[in-house]
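Biologist: Before we talk about labels, could you show me the model, and then let me ask what stands behind each term?

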Amino acid sequence: MAEERRFRSASGAPIALRCRQHSASCRELAVRGPRLQLRSLSAATSAVWLAAYGLFALSENSMVLSAAIFITLIGLIIYLHFVKIDQESLLVIGSLGIQVTSSYASGKESTTFIEMGQVKDVVINEAIHMQKVIYYLCILLQDPEDPQGVSEVVPLFQSSKPRLDCLIEVYKSCQEILEQRKTASQ
Amino acid sequence: NSPAPLPERAIYGFALFLGSWFGFILYLIWAYIPETWLFSLGLTYWPQKYWAVALPVYLLVAVGLGYILLFGINMMSTAPLNSTHNITDNFAKKQQQKKFQEEAIPALRDIPISEVNRMFFLPEK
């Protein structure tokens, strides 16, 4: 069963959270960011081309115009393939581990898998980020020497940055699955 | 270490006051009086008069850049989102656990973040 709920990101952009329960111990939570808007794309393209036309009017060199077209195309491809993340999803499998996937606008997907033995907890932390204090969800990795210590922090949903209400939903979902491994080990 | 006035502090203050006035008058003499007049008095070993204008300008530009530099240093020393400094620190790791006593106020300690999260976000029924 898949329900989609609308939330807002830290900067105010609309995002959507989709929660799918595959089985009793397996859940997939996906946060979808806003798609690339036509008006921002045309605004950026027109700005670059107007600047290039201004340079051409000053310098009378027609290479400026072709360079501007090239830059626009290459810049758009690089942006879609390396920068614009459409969807970030979290797949929690109770006995196996946690898989974090980011899908880019060009279709590229980048995945990280963390096995359950390394996961200490999934928590909502608040931290200072670029002159703001934001809430973010992160996976705490276990320190092999010290059972109480945290060796590494893996922040999740970095590009969509959901607000606290969305994070609480994801947190509750993850905790339901993580609690099962405590009862299973006892 | 109180800020109350003391005789030694009065002497330091007066010495600084005289010293700063002397320095200022010397700077004005160096900047305004023509070199020939100073040479005729026998005082020949002065820095170039160019510096009488350059040093204040350097100082003011440095003050302006200092604002930007301080802002940048602050941003650089903020821990990134994936660092453990956002979760804990040396004092919290080495803190002692005091035993729980009945009817006494619990000892002050740094509560681990998992516990804080459970208390905030998982309502107990």
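Predicted model: local features only at pLDDT ≥ 70, side-chain atom pairs only at ≥ 80, totals over all residues.

Modeller: Residues are numbered from 1 along each chain as its sequence is written, chains are lettered from A and ligands numbered from 1 in the order in which they are written, and side-chain values use heavy atoms, with hydrogens and water left out.

Biologist: Why is the pair A:Arg32 and A:Glu4 called a salt bridge?

Modeller: The term requires a side-chain nitrogen of Lys or Arg within 4 Å of a carboxyl oxygen of Asp or Glu. The closest N and O atoms of A:Arg32 and A:Glu4 are 3.0 Å apart, so the pair meets the definition. A:Arg32 lies in strand E3 and A:Glu4 in strand E1 (residues 2-8) of chain A, so the bridge ties together parts that are 28 residues apart in sequence; helices (H or I, at least four residues) and strands (E, at least two) are DSSP runs, numbered from the N terminus.

Biologist: What makes A:Glu176 partly exposed and A:Arg27 buried?

Modeller: Buried means under 20% relative accessible area, exposed over 50%, and partly exposed in between, with a 1.4 Å probe and protein chains only. A:Glu176 has a relative accessible area of 41% and is therefore partly exposed, whereas A:Arg27, with 9%, is buried. These two residues also form a salt bridge, with the closest N and O atoms 2.8 Å apart, and the pair links helix H3, where A:Glu176 lies, to strand E3, where A:Arg27 lies, 149 residues apart.

Biologist: How do you know which residues are central to the largest nonpolar core?

Modeller: A nonpolar core is a set of buried Ala, Val, Leu, Ile, Met, Phe, Trp, Tyr and Cys residues joined through side-chain atoms within 4.5 Å. Of the 31 residues in the largest one, A:Leu90, A:Ile98, A:Leu137, A:Ile139 and A:Val170 touch the most other members. Several elements of chain A each supply at least two residues of this core, among them strand E4 (85-93), strand E8 (133-142) and helix H3 (164-185), and H3(A) gives the most, with 8 residues. A second, separate core of 11 residues includes A:Ile134, A:Val150, B:Ile87 and B:Ile113.

Biologist: What is the area buried between chain B and chain A?

Modeller: Buried area is the accessible area (1.4 Å probe) that two parts lose on being put together, summed over both. For chain B and chain A the value is about 1,700 Å², of which carbon and sulfur atoms give 66%. On the chain B side, B:Leu81, B:Phe121 and B:Leu122 lose the most area, together 37% of what that side buries. Contact means heavy atoms within 4.5 Å, and 17 residues of chain B are in contact with 26 residues of chain A.
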